[in-house]
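Reader: I have this one open on the screen and would like to go through how its parts pack. Can we take it piece by piece?
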Amino acid sequence: MQVNKEDKFKEFLKKIFQFNKDKIDLDFGVYRVFKRKQEEIQDFIDNELKNIIDNSIKKHLTEESKEKINEIRNIVFEHILSFFERFYEDGDFYPVPNFKQNRNQKGVYHLDYNGEEVLFYWITKNQHYIKSINYYNNYKFELDGREIVFQIDKNRVDEIKGNQKETRNIFLVKTPEELKESNQIIVKLAFRKNNNSQDDEVEFNVENLFELLKDKLSLPESIKEDLQFHIDKFKNLRNSDFFIHKNLKNFLTKELEYFLKNEVIKFDNPQTLKEAVLTKEIGIKIIEFLSKMEDLQLLLWEKKKFAYDVNYVITLDRLKNIEILKDIERFEGFERQKEEWKELGFINDSNISLYELFIKWNEIKNLEIKKEWLTDKQKETWESLFESDRETLENIFYKDYSFLNQILKRVATVLNSKQSDLFEKNDEKLKENIDELPKILENYKKYKTLPIDTKYFPHLKYRILEQFDNLEEELDGILIKSDNYQALNTILPKYKEKVQTIYIDPPFNTGKDFLYKDNYQDATWLTLMQDRLKIAKELLNTSGSLFLHLDENADHYGRFLLNEIFGEENYLNEIIWVYERWTTRTKKLQNMHDYIQWFAKNYSKLKFFEITEQLNEELLERKRKGWNTNTIKQGDKKLRQLLVYDWDLVNKAITEGKIDKSKYDKIIDATKQEKYANDVWSIQFINPMSKERTNFQTQKPEELLYRIINSTSDEKDYILDFFLGSGTTISVAHKLKRKWIGVELDDHFETIILLRMKKVLYGDNVGISKEVNWQGGGFFKYLYLEQYEDTLENVEFNNNPIKEKTEELKKLQELFPELAEQELLNLLSDVAINNSKSLLMTVEDELLTNPFEFKLNIDGEEKVIDLIETYNLIKPLNVRKIFEKEFENRKYVFVISDKEAVIWREIKELSKDINQLKENIQKEEKFIRDVLQNIDKFKNIYTNAINQYYPKNFLDGKAKELLTDLRTLLIKDFSGKNLSINN
C-alpha cells in the first residue's frame with residue numbers, strides 16, 4: 001500500500017521536533033523545551049497545521065475534480081517533502097543547498113555573490129555553532145534468547161555546556177533492570193564527566209558487562225567477543241553538532257524558489273505550474289512555521305546572559321579601610337580563607353592577627369628616612385629610586401623593599417639613638433615599635449598581598465566594595481566562566497571599543513581539540529571562530545591589535561577569516577614562534593613552530609612599541625672589540641665597509657695606526673645598542689620541571705605574551721583573552737599593570753586559572769616576575785554566566801498554553817482568517833517566549849518584591865542570580881560606587897555611575913491605606929535623597945517597583961522602572977528579523 005505523502009510529511013515534522021520514541025533525552029536545542037508539551041504540539045501538527053494547508057489547496061483547486069485534487073495534493077506534498085528533507089536529518093538542520101534528488105550526490109550550489117575578487121565561503125557560514133555532543137539511542141541486540149538493551153539513564157548524565165570539550169565517559173550501572181514481560185534486560189549506563197563515576201558505576205568494558213549478565217543468563221567465556229562487538233558499536237554511534245541559522249526564513253525561501261524553477265516546473269507540462277504555485281504557498285507557510293522555531297532558538301542564544309556567583313579577590317594592601325580586617329577575622333568564613341592560603345603555600349602561621357599588624361604598619365609607615373643614614377653604595381641606589389633626600393618608610397617599601405631590608409638595622413639604630421631631629425616629624429609612638437620594627441616590616445612584606453576572596457565573606461562583600469570611590473578604576477581585571485560567545489556578547493555593551501590587545505589560542509582544528517560533524521570539521525571550526533572574532537573586533541579600540549595563535553592545521557583558514565573580518569589592509573604580520581622539543585621518527589619533518597596572525601583594528605592608528613631582543617654573543621664580541629669589517633657588492637664593484645660599534649675604541653685604534661680609514665669605501669655607524677625583533681621569535685617551551693608549569697597541556701610561556709602585550713599596549717589598557725586556557729595572558733597582563741578580561745568555560749577555571757591568579761596577586765616569582773620586578777598586589781572580579789542550556793531549562797509552561805491559545809485563535813479565524821492563520825504559525829514560538837523566566841516574562845511579582853533572591857535553574861540547581869552585576873554589564877554602567885544600606889528593615893543596594901544612579905530594593909506589602917502609603921513613599925524618598933545627597937547630578941535614577949502609587953514627581957521625576965529596562969536590554973541587540981517580542 002502506497003504511503004500517503006501528506007502523512008509522511010507530518011511524520012517528518014514530528015521528527016524535526018524529535019518526537020521519535022527511541023531517542024533518549026539527550027537531544028539539544030529548543031526542541032527539548034517542546035518535549036514537555038509533546039501531546040499539544042503533535043495535535044497542532046495533525047490538525048491546526050493541516051487546516052492551514054487545506055485552505056490553500058481549496059483556494060487554488062476549486063475547479064478541479066476530487067480525484068484530480070487528490071492527485072495534485074499528493075504530488076505537491078511529494079515536492080514539499082523532497083524539498084525539506086534536503087535540509088533536515090534527525091531533526092538537525094543542514095544548510096546544504098543540494099539540488100539533486102539523491103542527497104548523497106553533489107548538487108549545484110546557489111551562493112550570494114556580489115562580484116568580489118575572492119569569495120570565501122563555507123557550508124555553515126550563516127549560522128551560529130552551538131556545540132557538539134554525543135547522543136545515543138537505545139541499542140538492542142539478542143543474546144541467549146533475551147533482548148539486551150543498552151540505555152543511558154537520564155538521571156546519570158553530566159551535562160556539558162557551550163563549547164566545552166567532550167570529556168564524558170560511559171559507565172556501567174552495576175544493577176540491571178529485568179523486564180520479564182518483554183523478555184528484556186535493560187543495561188543502565190551513566191554518562192559522566194572526567195571519570196567522575198558513582199559508587200554503583202563501573203567502567204563500561206567487556207569484563208564488567210560479562211559479570212553483570214552472567215547471573216541472568218548462561219553465558220560461555222566465548223561470548224565476550226560478541227559483547228565487545230556490541231560495546232564498540234554502541235560507543236561509535238555518531239556525534240551531533242548543533243547550529244542555529246541566523247536567517248532561516250530568507251535562506252529557505254531563496255532555496256524554495258530555486259527548487260521550484262529547477263525541479264518542479266516543466267514548461268511542456270502546464271499542470272506543473274499549478275503544482276509550483278501550490279507548493280510555493282504551502283512551502284512558505286511551513287517555512288514560516290519552522291523559521292519561527294529557529295528564530296526562537298536564535299533569540300535564546302543571542303540573549304544577554306545573567307551573571308551569578310559574582311565575587312572579588314583583593315589583596316590586603318589594596319583595602320582602603322583597615323577596620324574591615326577586624327570583621328573579616330571575626331567572620332566564620334575566615335577559617336576557610338586561611339585554609340586556602342595554607343594550601344596555596346602563602347602562610348604557615350594561622351594565628352597572626354592581620355588587623356593588629358596593619359594597625360602597627362599604619363603607625364610606622366610615615367617614618368621619614370634620611371639619605372645621609374646610608375652607605376655610599378646605598379646612596380647610589382637611592383639616587384636611582386627616589387627624588388628627595390628624605391623618603392617615608394612606605395615609599396621606600398613600595399618602590400623596593402629589598403632595598404629597605406638592607407637599611408633596616410641602620411634605621412633601628414638611628415631610632416634607638418633618639419636623635420632629636422628624627423622625631424620632629426615622626427610620631428612619638430614610634431619609640432614603642434623600635435624593637436618590633438624589623439618583625440613588623442617582615443610580616444607586612446609577607447602578608448600585605450594575601451588575597452581575600454569575598455566568596456568566604458558574602459555579607460561583607462558590599463562593605464569591602466564601599467571603600468572605593470571609583471570601583472571601575474580600582475579593578476584590575478574580570479574573570480568570567482562561560483562559553484566565550486555568551487561572554488563576549490554579554491560584555492559587549494560595557495567594553496565596546498575599550499580593549500587594546502586581544503590574544504587568543506583557540507582549538508587548532510585538529511579534530512582532537514573539539515568535536516565536529518563528520519565531513520564538517522573545517523566548516524564547524526570556521527563558524528565557531530567567525531562569530532567570536534566579529535564581536536572581538538567590536539571590542540577593540542581603533543589603535544588595538546588582535547593576535548590569533550594557530551598551527552598548520554588552521555593557520556591558512558585563520559588568515560582568510562581575519563582578512564574577511566578585519567580587512568586585508570589591516571594585516572600586519574604572520575609571527576613564527578619557533579621552539580625546540582623532543583623529535584620523533586616520522587614520515588615527515590618534525591614541526592617546531594606555531595603561527596600567530598597579527599591584525600590591527602585600524603592600521604593607520606595602530607599602537608605599537610618596537611620589540612628589542614638581547615644581543616647574541618657574536619654581536620657582543622664585536623661591540624667589545626669596537627669595530628668590524630665586511631665587503632659588499634654594489635653593481636660590478638666591491639665595496640669595503642668599516643662597521644663602527646664604539647667610536648672611542650675606533651678613534652683610539654686610528655690614532656695607534658691599527659685602522660687605516662683610507663682603505664674603506666664606506667664607514668657605517670653601528671653604535672645602536674638594541675637589536676630589533678623580526679617576525680621569527682625563538683622562545684622556548686616551558687620546562688616540564690619549571691615552577692611556571694600549571695599542569696595545563698597547551699600552556700604558553702609568559703615570555704611569549706610579554707612580547708605581545710608590552711609591544712601593543714600601555715599600562716591601564718585592557719587586554720582580552722577569550723580562549724583563556726591556563727591563564728597566561730591575564731597573568732602577564734596583570735604583572736605589566738594592564739587591565740584584563742579572561743574568559744574560560746572548562747572546569748579548570750577554578751582549579752587552575754583562579755588559583756593561578758591568586759598566586760599572581762600574592763607575588764609569584766615565575767615567568768616574567770623577575771624581569772618586571774613583580775611584587776604582587778591586585779584586585780579583580782570573577783563571575784559565572786548563565787548558558788544557553790540554562791536559558792532553555794527556564795522556559796516554564798503553566799497549564800496548557802498551546803491548547804488555550806489555539807482555542808482563542810479558532811474564534812478569531814471566523815472574523816480574520818489570515819490574521820488567525822499567521823498567529824497560529826507563530827504560536828509555538830510566542831508561547832515559549834511568554835513563558836521564559838530567562839527573559840523575565842514570568843517573574844514579575846518575584847522580582848518586584850525581592851530582586852536579591854531572584855533564582856534560575858542553573859545546571860539543575862536553583863541559583864540566586866546577580867541582577868545588579870547583570871544590569872551593570874548590559875546597561876552598561878561605569879560603576880564608581882556601590883554600597884548597601886538598610887531602611888525600615890529593608891535591604892537597599894545603591895549603584896552610582898557618572899550620570900545615573902540605580903537603586904535595588906526589597907519591597908514589602910504595600911499599605912492598603914492610601915494616606916499611609918503616601919506617607920511611606922515620602923519617607924522613602926527622603927531616605928534616598930539623603931543617601932544620594934544631590935540628585936541634580938543624575939540624569940536618571942532607576943529603581944525596581946515604580947508603580948502607579950508613586951507620584952510623577954517622585955525623585956524630581958527622574959525615577960524610571962528598572963526591571964522593564966533590564967528586560968529590554970536582555971534582547972536589545974537580537975539580530976532576528978522575523979520574530980516579534982512583546983516586552
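Reader: In which hand does α4 pass α7?
Author: The crossing of α4 past α7 is right-handed. Before going on, note that this is a predicted model.

Reader: Noted. What angle do α4 and α7 make, and how far apart are their axes?
Author: Helix α4 (residues 66-85) packs on helix α7 (residues 248-264) at about 125 degrees, and the axes are 11 Å apart.

Reader: Which residues make the contact?
Author: From α4 the contact takes H79, S82, F83 and F84, and from α7 it takes L252, E255, L256, F259 and V264. By type, the residues of the α4 contact with α7 are six nonpolar, two polar and one charged.

Reader: And α7 with α8, what angle there?
Author: About 160 degrees, with the axes of α7 and helix α8 (residues 271-302) 9 Å apart. That makes α7 roughly antiparallel to α8, as the class begins over 145 degrees. α7 passes α8 in a right-handed crossing.

Reader: Which residues of α7 and α8 touch?
Author: On the α7 side they are L248, K249, L252, T253, L256, E257, L260 and V264. On the α8 side they are T272, E275, A276, T279, K280, G283, I284, I287, E288, L290, S291 and E294. The α7 contact with α8 divides into nine nonpolar, five polar and six charged residues.

Reader: Changing topic. How many strands are in the open sheet, and in what order?
Author: There are 11 strands in the order β14-β11-β28-β15-β27-β26-β16-β17-β19-β18-β25, and the pairing is mixed. The edge positions go to β14 (451-453) and β25 (680-682); each has a single partner strand, so one side of each has no neighbour in the sheet. From one strand to the next the twist averages 20 degrees.

Reader: What holds neighbouring strands together in general?
Author: Strands of a sheet pair through backbone hydrogen bonds, in either the parallel or the antiparallel sense.

Reader: Then β15: is it buried or exposed?
Author: β15 is mostly covered, with five of its five residues buried. Both of its faces are covered: G477, L479 and K481 are buried on one side, and I478 and I480 on the other.

Reader: What about β17 and β19, parallel or antiparallel?
Author: Antiparallel: strand β17 (residues 540-550) and strand β19 (residues 593-600) are joined by six bridges. In that pair L550 stands opposite Y595 in β19.

Reader: Which strands does α17 lie across?
Author: Helix α17 (residues 484-495) lies across β15 (477-481), β16 (499-504), β26 (718-721), β27 (739-744) and β28 (779-785), and it runs at about 150 degrees to β27. α23 packs on the sheet as well, touching β15, β16, β26, β27 and β28, and its direction makes about 170 degrees with that of β27.

Reader: Where does α22 come in, and at what angle does it cross α23?
Author: Helix α22 (residues 702-712) and helix α23 (residues 728-735) cross at roughly 60 degrees, their axes coming within 9 Å. α22 and α23 are therefore oblique to each other, and α22 passes α23 in a right-handed crossing.

Reader: Which residues meet there?
Author: E702, L705, Y706 and I709 of α22 meet T728, T729, S731, V732, A733 and K735 of α23. This α22 contact with α23 has five nonpolar, three polar and two charged residues.

Reader: Last one, D965. Is it buried or exposed?
Author: D965 has 17% relative accessibility and so counts as buried, the cut-off being under 20%. D965 is found in helix α31 (residues 962-970).

Reader: What does D965 touch, leaving aside its neighbours within four places in sequence?
Author: D965 is in contact with Y871, K875 and Y942. The C-alpha atoms of D965 and N944 are separated by 9.7 Å, and the two residues are 21 residues apart along the chain.

How values were computed. Residues numbered from 1 in each chain as written. Predicted model: local features only at pLDDT ≥ 70, side-chain atom pairs only at ≥ 80, totals over all residues. Heavy atoms only, no water. Axes fitted to C-alpha atoms, helices over the stretch in contact; angles between N-to-C directions. Helix = DSSP H or I, 4+ residues; strand = E, 2+ residues; numbered from the N terminus. Left-handed = near helix turned anticlockwise from the far one by under 90°. Contact = heavy atoms within 4.5 Å. Nonpolar A, V, L, I, M, F, W, Y, C, P; charged D, E, K, R; others polar. Parallel < 35°, antiparallel > 145°, perpendicular 65-115°, else oblique. Pairing = 2+ DSSP bridges. Buried < 20%, exposed > 50% of the residue type's maximum accessible area, 1.4 Å probe, protein only.
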